[in-house]
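User: I am new to reading protein models. Can we go through this one by question and answer?

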Amino acid sequence: MSESLEKDDALWEGYLSRTRWFGGKGRPFRVSGVRALAELPVPPVPEGAARVTVYLVTVDYADDEGGTEQYHVPLSSYDDVQERIAYAFVGSVEREDGRLQHLYDGAHDRNAMALWLEGFVAAEESGTAQLGGMRFRRLVPGPRLDPTLQSSPLTGEQSNSSVKFDDTAIMKLFRKVSPGVNPDIEIHEVLTRGGSDFAADLYGWIEVDLPDDGGVLQLAMLQEFLRTASDGFELATGSVRTLLAHLELSVEESGGDFAGEATRLGEALAAVHAMLRDSFPAQGRGEDSTGELAGAMIARLDHARRTVPEIEPYAERLRAAYDAVAALGQLDVQRVHGDLHLGQTLRTSHGWKIVDFEGEPGRPFAERALPDSPWRDVAGMLRSFDYAARVVEMSGSGGDGAEAPLRAQRAREWSARARRHFLEGYIAALGDEAGSAEQRAVLLDAYVADKAVYEAVYEKRNRPSWIAIPLAALERIGG
């Protein structure tokens, strides 16, 4: 069955186009290769039971950007139609005996995910279990998992898929994959072994060995499920809504003040950065590196100006901000999050947790693992506070048009206060590691500008009505 499915490009192309996590929607593509990597359960398979095959699907793009991507797709197959997961139906293929096999996205199939849970349970004693071509890895010692836990898929993610096992564990299935160590697993393992209070504990992960010495491919990671967690961006936008519902009150007087949470989040990030600095090689680099960093930022600015002409009034002053980085002559770099914003944080009853250390999804693993300045992460969070305030303000919910100027003023006050307290909390927690105020200011201006330039391109292409958000940030930096 897998052989016939591997040749059915039309089925794969139709399926990929319908998924949330496929990164090539809207681009001309073709499936150029399908390879079965693993299969569970190990034969013989009971009559009527689910069979789960893990596929590696290669996609080639035919537009000007071109390129190739690989996707991890687990499919469960049944002799009979499964109405309970009809929404996850992929297609049907004919077996060698002429009978139809009905295929479903394995992440949505409770029977399929139970087989994966069994693999993690089997690895609890030794730390490793090899089943059906997949290697299940566990951190030992670690919590014991009940093999009867029931899975349910989460709906919020786009680039990956997440499956919750009751209120005990959550498994992230990496969809777009590359050979090598996934930074999300690598960093979470370090933070878990180091006893960090600011990340969910890593329980284990799944990997396969690619044929022909192609290296290891990491498919999924299993973590502690944070029962009381609230999404950081949703918490922040809720705070802004509370403020804008009472425009007569200042930020400090309203129930929408986020200063305390922002301070604690800054402290959490500083603690994570400190553990990463102690666990991975940190370096002090000279003028060649500061020059390269400034040059890369200038190149992104020049590219963005062709797409977003609205940047032009700020271009000269932005280049000056980047030139100031080159003039520093010294840059301290280490492992960082790499793609940090409020949506990568969770607020629990025990404090803030930082999640998703996978880095920028469009970059190869080797690039994501390169040391960078921790101020890149700080800048990403500062921009996220600005977005939280502006998105709510621009929604215009509540009040009449006459209130618009006051809404905008209150949103700016909320953002400025949250950014200031986050930064103060971060710097105070770092202590002597924070460096000089002059160097911090130069790096923050440059990294915030670089992020806002990226945002301007994204908004121009995807949400033109939001382009005012990054443009306002660029005006502040240039002014």
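This is a predicted model: local features need pLDDT of at least 70, side-chain atom pairs count only at pLDDT 80 or more; totals for chains, interfaces and linings use all residues.

User: Is D213 buried or exposed?

Analyst: A residue counts as exposed when its relative accessible area is over 50%. D213 has a relative accessible area of 79%, and D212 has a relative accessibility of 74%. D213 is therefore exposed.

User: What is the phi of D212?

Analyst: Most residues other than glycine have a negative phi. D212 is not a glycine, yet its phi is positive. D213 also has a positive phi, near 55°. For D212 the value is about 60°.

User: What is omega for the cis peptide bond between V140 and P141?

Analyst: P141 is found in the loop between β7 (134–138) and β8. A cis peptide bond joins V140 and P141, and its omega is about 0°.

User: How many residues of strand β3 are buried?

Analyst: Buried means a relative accessible area under 20%. Strand β3 covers residues 68–78 and is largely enclosed by the rest of the structure. Of its 11 residues, the number buried is 9.

User: How many bridges join β2 to β3?

Analyst: Strands of a sheet pair through backbone hydrogen bonds, either parallel or antiparallel. β2 and β3 form a hairpin with 6 residues between them, and G66 in the turn has a positive phi of about 60°. β2 and β3 run antiparallel, and the number of bridges is 10.

User: Which residue in β5 is the bridge partner of Y78?

Analyst: β3 and β5 pair in the antiparallel sense over 4 bridges. In β5, the partner of Y78 is H102.

User: Which residue forms a polar contact with the side chain of D109?

Analyst: D109 lies in the loop between β5 (100–105) and α3 (110–122). D109 is buried, because its relative accessible area is 0%. Leaving aside neighbours within four places in sequence, D109 is in contact with residues including Y78, R84 and S76. The side-chain polar contact, at 2.9 Å, is with S76.

User: Which strand gives the largest share of the lining of the second largest pocket?

Analyst: The second largest pocket has a volume of about 330 Å³. Its lining has 20 residues, and T19, R20, W21, D105 and H108 lie nearest its centre. Both α2 (9–18) and β9 (160–165) supply at least two residues of this lining. The largest share, 3 residues, comes from β9.

User: How many residues in the lining of the second largest pocket are charged?

Analyst: The lining is split by residue type. It has 8 nonpolar and 7 polar residues, and the number of charged residues is 5.

User: Which residues of β9 point the other way from N160, S162 and K164?

Analyst: In a regular strand the side chains alternate between the two faces of the sheet. 6 of the 6 residues of β9 are buried, so β9 is largely enclosed by the rest of the structure. N160, S162 and K164 point one way, and those pointing the other way are S161, V163 and F165.

User: Which residue in β10 does K164 stand opposite?

Analyst: On one side, β9 pairs with strand β8 (residues 151–153) in the antiparallel sense over 3 bridges, and S152 has K164 as its bridge partner. β9 is also joined to strand β10 (residues 169–174) by 6 bridges, again antiparallel. These two strands form a hairpin with 3 residues between them, where D166 has a positive phi of about 50°. In β10, K164 stands opposite I170.

User: Which strands stand at the edges of the open sheet of 3 strands?

Analyst: The order in this sheet is β13-β16-β17, with antiparallel pairing. Each edge strand has a single partner strand, so one side of each is left without a neighbour in the sheet. The edge strands are β13 (230–231) and β17 (351–354).

Technical notes
Residues are numbered from 1 along each chain as its sequence is written. Side-chain values use heavy atoms; hydrogens and water are left out. Buried means under 20% relative accessible area, exposed over 50%, partly exposed in between (1.4 Å probe, protein chains only). A polar contact is a pair of N or O atoms within 3.5 Å; within protein, one must be able to donate a hydrogen and the other to accept it, and residues adjacent in sequence count only if both atoms are side-chain atoms. Contact means heavy atoms within 4.5 Å. Two strands pair if DSSP finds at least two bridges between them. On a 1 Å grid over the protein atoms alone, a cavity is a set of points where a 1.4 Å probe fits but cannot get out, and a pocket is an open set with protein on both sides within 12 Å along at least five of seven lines; lining residues have an atom within 4 Å of a point. Grid points are joined across faces, edges and corners, and a volume is the space filled by probe spheres set on the points. Ala, Val, Leu, Ile, Met, Phe, Trp, Tyr, Cys and Pro count as nonpolar, Asp, Glu, Lys and Arg as charged, and the others, Gly among them, as polar.
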